[in-house]
Structures are given as structure tokens and as C-alpha cells.
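Open the structure in your viewer and keep the selection panel at hand. We will go from stop to stop, with something to select at each one.

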Amino acid sequence: MKFETSAIHVGEEPNVKEGGYGDVVIPIHLSTTFARKSVGTPTQGYEYSRTRNPTRDALEARMAKLENAKHALAFSSGMAAEATLLLGLLKSGDHVVAFDDLYGGTKRLFNRILREHLDIQFTFVDARKTEEVQKKIRTDTKLIWLETPTNPLLKLCDIKEISQIAKEHQIITVVDNTFMSPYLQNPLDLGADLVIHSSTKYINGHSDCIGGVIMMNSATYHKKIQFAQNAIGAILSPFDSYLVLRGSKTLAIRMKQHQQNATQLSQYLENHPKVARVYYPGLASHPDHLLAKRQMKGFGGMISFELDRDLESTTKFVESLKYFAIAESLGGVESLIEIPSVMTHASLTEMERKHIGLNDSLIRVSVGIEHIDDLLSDMEEALKGI
Ligand SMILES: *Cc1c(COP(=O)(O)O)cnc(C)c1O
């Protein structure tokens, strides 16, 4: 089955057998508990919805398929998925090597909770250079945490090379694949052990449901993380599972349009005299363009760019746009725009921002699937005004 077909059918096969109603859309199973015929045997394996729920099961089956994985687990947010994964696999004293340019919430979880409260150690490296990752591996290193492309500067690291080295040292490789979605990049196929998505973003795609999902092939990791999922309890609700099932049906067609619009917008911006620099992995000018071509099936819908202006004019520019809502988050059908230094990345110190190369005039765009002519004319007008 091809991706587009799986995204519609897996987990939602109509039940036309005796007792089934043949619904083509999965019912939302709101029941918190499931009655049994006899004390010893749960009905079809269902006991209590924190542990397992039929609607969530359907979503997990589909999510596994989309990442070519054997297993998937769905959580109440991307952060809940991350925390559960790490609590399920690590213990105090363990060491983690992580890309230094990660989603802010991930860094906060690592530094403020896992390091400060649980004594898990972190070393942050510029993972664009595989040898930097290798150099930081210690005898107590248990896990490597990658995100590629990163947010907001769209830096890439080589999943295949790093996973290979990790394997030689019996280290687990985790890739946050939120920015690409399972349609455009499949880290497990490149050797990673675990993939994590904030399904809040492209997978659900309609900016109406917070969620997270982990995909994996290993039965051992699945068992451990599933145990932690039930023990901790940060599960995705039946209603939200339904929303993600619904949203994910159009993932392929949305990603194609996001990407087509992002490609045209990035080319337009790159040729505009008031734009100093554009970051988009699909541009030949992107430093990791060749790796992007090798590792990803496309270049995605996220663009960052710098105006040749200060924060004041940058703010004025962003505020004068009509179709780009000023908002954090990404991956929905509607275009969003933000200034990382004062919005998504405001919690970083100025030093940290400088270190990763993020300046005040940087603008991040989650390019939606509106008509490109409207997006381009909106940009044109706003650029004229500065
Ligand atoms: C949004 C995001 C997260 C966190 O997910 P939530 O659903 O907001 O908890 C993690 N990683 C990346 C790359 C993200 O964009």
C-alpha cells in the first residue's frame, strides 16, 4: 500500500462483520472502562482507556504504518511523548548527546526537569558535523537526540551516519521528525531507533489538536515506552485521536502543497533586494542542500529569512501582512509568521541565540496551503511598506 492509501485506510477498515455497523469513519470510543463477560478475560483486550482505547489504537496503527514502523504510541502532546520516552528508557546518571539547535520546549525539558531534577546528563553539539557527535560520546552515553531540519534555522544533520555510529556504541538514536512529517522523511529507514512527532503540527495539520506520537520497530522499546505511557498517563484522548485520524488522511496532499508554496515563496524572497538571507533546504544556496536531497523526500513547508532591517522594521513588516497570522506553532493549513527572537525563542539568552546564529531580524514562516498568488502579493505589499 502506498503512503496516500495507508493514510486513509490503515486503522479505519470498516467493520462489516456480524455486529459491526460498517462505519467508514472510526467511532470515537469515549468509554473509560470496558465490561467483561467473565472476571478473567477483558473484552478484545480492552480494560481501561488509559491503558488501551480502540480509537487510540486505530490512530497508533496508522501512525506506525506512515513511518514504516512496527509500533506507535500516541500522547497528549509532543512534550508528553518526549518526557514519557525519556522516563521510560533512561535513569539517573545516564548521559545524552543532543543537537544544540533543538525545539525550545525540548531543551527546557532536558535542562530544567531531567537534568535538574533527575540528574540525567546532557551534552549539546553542533550535529551538522557527525564527528562532533562522535567526539562527545562517553561510556555512559545511552541516547542521541536529533532534530532535522532544526527550528528556526533549518540546519540538517546526517541521520544515517549518526545512527551508524550510535549503533556501534549500543546507543539509542531518537529523531524528532516534526518539521518534515512522515511523508517527507523516514528516520527509521535511515537507521534511527525511535521517531517522535508533535502531531500538533503537520500530521494533524489543522491547528485544532495538541498531540504527540512515537514510532519504533523494536518490540523492547515499544514495551518499555508503552509501560511508561500507561504508568504516567499522558495519553491522547479518544476525541483527539479521532481528529488526528481525520487530519492525517490528507497529509500527503497537504505536504505537496505546503512544499510547492514554500518553494515559490523562498525563491521570491531570495531574489528580493530587501531580503538579506533565506533559509530553506530546497534552495541551492542552503549549506545542507545536498544532504537534504539525499535524506529527505522533499524540502517541507518551513522557511526562515532575514530582512536587511532592525527589529522595529521587522515587526512592522510582520504586522502589515494580511494572510500570515502572527502566531507560534506551525504545520497547519493556514500560513503563520513569527519573529523567533521575541516569540518562540525568547526564552533563550542572547548568548544562546547568538551561538546558534539567530538574530533579531529573523522571521520564520509556516507556509500554508492558500493560493500562492495571494501569499506572494501579500509579501510584496508588506515589503514595499518597509
Ligand atoms: C511543537 C514541537 C514540539 C512539541 O510538541 P507539542 O505538541 O507542542 O507538545 C516538539 N518538537 C518540535 C520540533 C516541535 O515543533
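This is a predicted model: local features need pLDDT of at least 70, side-chain atom pairs count only at pLDDT 80 or more; totals for chains, interfaces and linings use all residues.

Now widen the selection to two strands, residues 141–147 and residues 172–176. These are β4 and β5. They run parallel, and five bridges join them.

Which strands make up the rest of this sheet, and in what order? Select them in turn: β1, β7, β6, β5, β4, β2, β3. The sheet is open, has seven strands, and its pairing is mixed. Go to the two edges next. One edge is β1, residues 71–75, and the other is β3, residues 121–125. Each of these edge strands pairs on one side only. Now turn the view to look along the sheet. From one strand to the next, the twist averages 20 degrees.

A word on what holds such strands side by side: strands of a sheet pair through backbone hydrogen bonds, in parallel or antiparallel fashion.

**Helices on this sheet**

Select residues 54–66. This is helix α2, which packs on the sheet and touches β1 and β7.

Move on to residues 219–232, helix α8. Which strands does α8 lie across? Four are listed: β1, β5, β6 (194–198) and β7. Helix α8 runs at about 20 degrees to β1.

**Loops to zoom in on**

Select Asn68, in the loop between α2 and β1. Its phi is near 50 degrees, a positive value in a residue other than glycine.

Next, go to the loop between β4 and α6 (159–168), where Pro149 sits. The peptide bond joining Thr148 and Pro149 is cis, with omega at about -5 degrees. Stay in the loop between β4 and α6 and pick Pro152. Asn151 and Pro152 are also joined by a cis peptide bond; here omega is about 5 degrees.

**The ligand**

How many residues surround the ligand? There are 14, and the closest are Met79, Asp176, Ser198, Thr200 and Lys201. By type, the shell divides into four nonpolar, six polar and four charged residues. Helix α3, residues 78–89, gives the largest share of the shell: three residues.

- Gly78: a backbone N or O atom lies 2.9 Å from an oxygen atom of the ligand.
- Asp176: an N or O atom in the side chain is 2.7 Å from a nitrogen atom of the ligand.
- Lys201: an N or O atom in the side chain is 2.8 Å from an oxygen atom of the ligand.

On its own the ligand has 380 Å² of accessible area, and the protein covers 92% of it.

**The five-stranded sheet**

Last stop. Select β8, β9, β12, β11 and β10, in that order across the sheet. This is an open sheet of five strands with mixed pairing. Its edge strands are β8 (275–279) and β10 (325–326), each pairing on one side only.

Zoom in on β11, residues 336–338, and β12, residues 362–366. They pair in the antiparallel sense over three bridges. Pick Ile337: its bridge partner in β12 is Val365.

Finish with residues 251–270, helix α10. Helix α10 lies across β8, β9 (302–307) and β12. It runs at about 15 degrees to β9.

How values were computed. Residues are numbered from 1 along each chain as its sequence is written. Side-chain values use heavy atoms; hydrogens and water are left out. A residue is near a molecule or strand if one of its heavy atoms lies within 4 Å of it. A polar contact is a pair of N or O atoms within 3.5 Å; within protein, one must be able to donate a hydrogen and the other to accept it, and residues adjacent in sequence count only if both atoms are side-chain atoms. Accessible areas come from the Shrake-Rupley method with a 1.4 Å probe; for residues, only the protein chains shown count as cover. Ala, Val, Leu, Ile, Met, Phe, Trp, Tyr, Cys and Pro count as nonpolar, Asp, Glu, Lys and Arg as charged, and the others, Gly among them, as polar. Two strands pair if DSSP finds at least two bridges between them. Axes are lines fitted to C-alpha atoms, for helices over the stretch in contact, and angles run from 0 to 180 degrees between N-to-C directions. Contact means heavy atoms within 4.5 Å.
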